[in-house]
Every structure is written in C-alpha cells, then in structure tokens.
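Q: Could you walk me through this structure, and start with any term I will need?

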Amino acid sequence: MKRVVQFTVQPGWRLLISDLGINPEDVLRLAGLPLDLFSRKHAAVDAKQYFQLWDALERADGTEDLPLKIGQIISVEGFAPAVFASLCSPNLNIALQRLSAFKRLVGPMYLHVAVNTKATEISLECYGQDLMIPRNLAVTELVFITQLVRLGTRYLVKPEEVLLPELPAQLDKYTAFFGVKPKQSKHADIKISFSSQEGIRPFMTANESMWEFFEDGLRQRLAKLDSTASISERVKAALLEGLPAGQFAIGHVAKQLALSTRTLQRQLSDEGSSFSTILNATRQELAIYYLGKPTMAHGEIAYLLGFQDVNSFNRAFKEWMGVTPGSFRYQTPLH
C-alpha cells in the first residue's frame, strides 16, 4: 500500500480546536505552522507537520482529558469526508473496512481491520517520520472509533478490549468512557476490539446512496495525492519503510517506485536533489528521534538506520551534527 505524503487540512480542525475553547492560531503558532493555514483553500501538511499539530494541541490544552474532551464534542459537521462516508455504512464492520481504505487521506496512519467469528479487531499504525504517535493521539483515535459506532448505532456500544502503548494518567475516567479498563500493550500496539454482535449491529445512519456519492471522489483524491507527491517525497517515504528492513539501496527504492535507477536519478536531479542526499537526511532525522528514546541502544539505532556497525553510525552522526551520538544524547532532553 502506497503512503500518502500530503494531507488536506480539513475544516474540522478549526472547528474542533475552537470547540475545545482554544484559539486555533495559538495551536498553529506552537506547531510552527503558518497562522493562516486553516484559512487556505487547498491547505495541506506533511506527516511531520501533522504530528506537530497534535503535539501543539496537547500543549495548548494542557490537560490529561484531551481525548475525552474531543470525544464529547465530536460532531458530524466536523468529520472529514472519509469519516462521514463511513458513517453511511450498514454496520461497524463495513464502516471500518471503508474507513481503513481512506484513512491515509485523514492523516499518516493505517487502520487495520480484522473480522472473525468472535470479534472485530482494529489496530492503528502510524507512518511518515517513524515517530512515536503523540501521547494523546493514540487514545483519541480509539475514543473516536468508539464514538463513531455509538453515533452510527445510537447505542452505548462498549468495546471488548482497549490496548494502548501508554495508559492515560486518569485511567478511571477512560474506563468509565469505554466501559472497559484500558490495558497497556506489550509491543506498543494501539488496538480496540468489539464483539461480533456489535460488528454487525445496524447503523441508524446507513445511507448507501450517500456512500456511492462519496466513494468515487475519495478514490480520486487518494490516487491524486499518490501521483502528485514529488519524487523526493516518494523516495523518502520508501526509505522510511525500507531502512529498518535493510532495503535502502537505490535499486530497491527505484523498484518500489516502479522506475529504473537511471530514471530515478534523473528525476531527483531535476528537483535539485540526489538519492544520497535524501538518504543521509532521512537517516539524520531518524537518528535524532531515536536518540531521544532512552530505551534504545546505539547498536539498535545503527541497525534500524541500515549501518553495518555502531562505529559507522558514530562516524556518520558526528559528520552530520558535529558531536557523537553519546554526546548528543547527553546534551539533549529526552522526549
């Protein structure tokens, strides 16, 4: 599945922030983004900027209740088209399968849906900068899915299980909201599951004609976003996916993009870039991020960045930043 690298800024962002009692310009200022972003007709952000928006919203709100606040003010008029279209589905199973197909239009995330005879299981995976999902975004996504099924069914549906990488501080409040106590996942998973009966409970909001109206437009937007990404952006997305697996040679990336190596080099040159420049920049960004994680050893980071050994990583990092990874980690506050 191809990664979208630019995401349309939905009008719902401004509405959501305002409904939280926060000045949208304050959030944009904290995120380091243009103050007129929400007013632009065709505004878009990349993955890094998307996460910056969420980090800024957390700071502007300053409470542990942000996901619950968002859950309380979710309204149909604030939904992105992909979400609204999903609400037109016959039931939760179909809504989630449709939403998973277009989740990338909303943000740098994949929504994985597994339906079996016992339950409907949903897991969330972020991509783009290989950043950890912002603290409150993981909870908000599961709150949102729960609210979506409750809006659709007009019934107080309770999930079977809620798993999060980091449990919220005021766990009792989230237990009351979900109707089940969230648990900490073992592998940083973000998951929620519903019983098989809830998966097929009819949506009162079902409207197949409305879904058909939205579907073509959503598929066209997804195809357009994939095709209009610059070759540099597409190379970076391929590297972010391939580096941890050791698949970052130019030949491999060219194959991923369905190009010959020579064509890829020429197109990058036309954009004033090169494969080695993008590879180094991507490795540098990831190295800085990983070094902010105290549990990650230098050997693990070197491996994830595709270096043969720690010494190679150390030399490259010193060339980028002027200091060794150890010195950088010591001097930099942890994430």
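A: Axes are lines fitted to C-alpha atoms, for helices over the stretch in contact, and angles run from 0 to 180 degrees between N-to-C directions. Helices (H or I, at least four residues) are DSSP runs, numbered from the N terminus. This is a predicted model, where local features need pLDDT of at least 70, side-chain atom pairs count only at pLDDT 80 or more, and totals for chains, interfaces and linings use all residues. Residues are numbered from 1 along each chain as its sequence is written, and side-chain values use heavy atoms, with hydrogens and water left out.

Q: OK, at what angle do α11 and α13 pack?
A: Helix α11 (residues 231-242) packs against helix α13 (residues 261-270) at about 125°, and their axes are 9 Å apart. That makes α11 oblique to α13, since angles under 35 degrees count as roughly parallel, over 145 as roughly antiparallel, 65 to 115 as roughly perpendicular and the rest as oblique.

Q: Which residues make the contact?
A: On α11 they are Ile231, Ser232 and Val235, and on α13 they are Leu264, Gln267 and Leu268, where contact means heavy atoms within 4.5 Å.

Q: Is α11 mostly covered or exposed?
A: Helix α11 is mostly covered, with nine of its 12 residues buried, meaning under 20% relative accessible area, whereas exposed is over 50% and partly exposed lies in between (1.4 Å probe, protein chains only).

Q: And what covers those buried residues?
A: The cover includes α12 (250-256), α13 and α14 (275-291).

Notes:
Helices (H or I, at least four residues) and strands (E, at least two) are DSSP runs, numbered from the N terminus.
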